[in-house]
Amino acid sequence: MRRRVLVLGAGFGGLELTTILSDTFGESIDVVLIDKGDAFVFGFSKLEVMFGRQAATEVRHLYRDFVKPGVRFLQTTIRSIDPASRKIVTDVGEFEADFLVVALGADLDPAATPGLVEGGNEFYTVPGACALRDVIARFERGPAIIGVTGKSFKCPPAPSETALLLHDYLVTRGRREATEITVVMPFGVPIPPSPETSQAILSAFAERGIRFVKDTLVTALDPERKVAILSDGTELPYELFLGIPVHRVPAVVVESGLAADAYGWVQVNKQTLETRFPRVYAVGDVNGVGTPKAGIFAEGAARVVAASIIAQIRGGQPPEAYKGVGMCYIEFGNHEVARVDVEFLAGPKPTGTYQKPSEALKLEKALFGSSRVQRWFGAAHEPSEPTT
Ligand SMILES: Cc1cc2nc3c(=O)[nH]c(=O)nc-3n(C[C@H](O)[C@H](O)[C@H](O)COP(=O)(O)OP(=O)(O)OC[C@H]3O[C@@H](n4cnc5c(N)ncnc54)[C@H](O)[C@@H]3O)c2cc1C
C-alpha cells in the first residue's frame, strides 16, 4: 500500500523533505506538497533584489518545475489542520495522511509595529524588497536605520549584512558622507554563538562608521516626526527605515493546537522533530526546537524527519538525533563573503566558528544556491513574472 505523506509548505524544509522521499521511494510513495505560492525564493535573494543586484524575476523558482516521481504539488491555501487525525482542509479539498509534516515557516506581521507600514519599509518579503529597491535608489541623505522589531527573526546575520551592503551602495553613489547607518538588534553582539564572527562584523562596522545598538528592539515608528522609538524609550531620527518585521506562528498552526499562541513556536521532540501528535512533525522556522530561523536549519530538520519516515515505512533503525547544526554565508560588502558554522543542540551551549571572507567562500555561496535549485527544480532557471 502506498503511504501518503502530506508536506505543508514548499519552502526550504518542505522542498528538501519531499525531494528525499521522492529519491528514496519513487512512484511507490504518495507525497502531496502544498503551498499557497507559485514560486520559491531564497531568503538571501531578497538582499540581491533590494540592492538592485538581481531582478525579482530572476530569483523566483517556479513550483510548476518541481516535478518528481511520487509527488503532487498543489498550489492552494491550507485552512485547517487536525493533527490528531492528520487531516487538513484546503481551498481545493480535504486530505488525510499517514505522516504529516508542518513546514509552514514564520508569518511576518509588519502591522504589529505601529508606524512601520505607514512610515517605514521592510525587506523580509519579496514585495517589500522590490519596493525598497526604488526607495534606496532615491535615498540621498540623513539617518538610515536597520531595525529589528521582534525577538525571534529569520537569519540573524541579515540585518548586519544589510548595513554593510547599504554602506557599499551609498559609497558607490557618492552619498555615504551625507548619511548615517545604525543597526538596532535585540542581541548583545551580531552573532551570539560565535564571538569571532561577531567581532569581525563589529570591526567592519567600526571601519565603516556603522553604529550598532545592542540589546534593543524598535517598538514603533512615528512617521510624522520621523523617529524610531526603541524598547528602552529612546528615540532615533530616521530618513530611511529598513525594518525586520515581527514574526508570528502562522494562524492556521495556532488554530490547530500545535502552537500555544502566535509567538509560541511549535514544540517538538528535539531529537526527532515529532510533535506531541504521533507521526506529525514540524520542521523549519515554524518549530521551537531552539535553532535560529534559517533555511539551512529547516533543511537539516527535514533530513532527520525524512530519515525517520523512511525508517518507519521500511522498518529500519531510527535516524541519528537532530543536532541543530548549520552554517550561514555572510555578505561583508565589497562582494566579499564570510561563513559562520554553528551547532545549537550538540553540546551544552551553542557554539560557532568563523571563516573570514575569501574567493572560495564566494563560489561556495553561489554553489549553495545553484545546487539546491538543480536538486529541487531540475533544469536551468528561466526568469518569470510574479503571478501572486
Ligand atoms: C533577508 C533574508 C535573508 C536570509 N538569508 C538566509 C541565508 O543566507 N541562509 C539561510 O539558511 N537562511 C536565510 N534566510 C532564512 C530563510 O529564508 C528561512 O529561514 C527559510 O526559508 C525557512 O524555511 P521553512 O521551510 O521553515 O519556511 P519557508 O521557506 O518560509 O516556507 C514556508 C512556506 O509555507 C507556505 N505557507 C505558509 N502558510 C501557508 C498556508 N496557510 N497555506 C499554504 N502555504 C502556506 C509559504 O508560502 C512558504 O512557501 C533569510 C531570510 C531573509 C528574510
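How many residues of the shell around the ligand are nonpolar, how many polar and how many charged? The shell divides into 19 nonpolar, 10 polar and six charged residues. Here Ala, Val, Leu, Ile, Met, Phe, Trp, Tyr, Cys and Pro count as nonpolar, Asp, Glu, Lys and Arg as charged, and the others, Gly among them, as polar.

The structure is a predicted model, in which local features need pLDDT of at least 70 and side-chain atom pairs count only at pLDDT 80 or more, while totals for chains, interfaces and linings use all residues. Residues are numbered from 1 along each chain as its sequence is written.

**Figure 1. The whole protein chain.** The secondary structure comes to nine helices and 23 strands; helices (H or I, at least four residues) and strands (E, at least two) are DSSP runs, numbered from the N terminus. The radius of gyration of the protein chain is 21 Å, close to the 21 Å that the globule rule gives for 388 residues, so the chain is as compact as a globular protein of that length. That radius is taken over C-alpha atoms, and the globule rule is 2.2 Å times the number of residues to the power 0.38. Along its principal axes, the C-alpha trace spans about 70 × 45 × 45 Å. Of the 388 residues, 44% count as buried. A residue is buried if 20 or more other C-beta atoms lie within 10 Å of its own, exposed if 12 or fewer, and partly exposed in between, with C-beta atoms placed from the backbone.

Figure 2. To the contact, domain 1 gives 14 residues and domain 2 gives 17 residues. Two residues are in contact if their C-beta atoms, placed from the backbone, lie within 7 Å. On the side of domain 1 that touches domain 2 there are nine nonpolar, two polar and three charged residues.

**Figure 3. The shell around the ligand.** Of the 35 residues around the ligand, Gly-9, Gly-11, Gly-43, Gly-105 and Gly-284 come nearest; a residue is near a molecule or strand if its C-beta atom, placed from the backbone, lies within 6 Å of it. Elements that give two or more residues to the shell are helix H1 (12-25), strand E2 (29-35), helix H2 (45-50), helix H8 (295-314) and strand E21 (325-333). Both domain 1 and domain 2 contribute, with at least three residues from each.

**Figure 4. The open parallel sheet.** Five strands form this sheet in the order E11-E18-E12-E13-E14, with parallel pairing. Two strands pair if DSSP finds at least two bridges between them. At the edges are strand E11 (121-122) and strand E14 (210-213), each of which pairs on one side only. Strand E11 is joined to strand E18 (residues 240-244) by two bridges, and Asn-121 stands opposite Leu-242 in E18.

**Figure 5. Ala-129 in helix H4.** Helix H4 (residues 126-138) holds Ala-129. Ala-129 counts as buried because 23 C-beta neighbours lie inside 10 Å. Not counting residues up to four places away in sequence, Ala-129 touches Lys-46, Val-49, Met-50 and Phe-123. Leu-242 is 113 residues from Ala-129 in sequence, yet the two are 9.7 Å apart in space, C-alpha to C-alpha.

Figure 6. Strand E15 (residues 218-222) and strand E16 (residues 227-230) run antiparallel and are joined by four bridges. Asp-222 stands opposite Val-227 in E16. Three bridges join E16 to strand E17 (residues 235-237), again antiparallel, and Ala-228 has Leu-236 in E17 as its bridge partner. The hairpin of E16 and E17 has four residues between the strands, where Gly-233 takes a positive phi near 90 degrees.

**Figure 7. Two loop residues with positive phi.** Most residues other than glycine have a negative phi. Lys-226, in the loop between E15 and E16, has a positive phi near 55 degrees. Lys-226 is partly exposed, with 17 other C-beta atoms within 10 Å. Asn-334 has a positive phi of about 50 degrees although it is not a glycine, and lies in the loop between E21 and strand E22 (336-343). With 12 C-beta neighbours inside 10 Å, Asn-334 counts as exposed.

Terms used: Domain bounds come from an automatic or database domain assignment.
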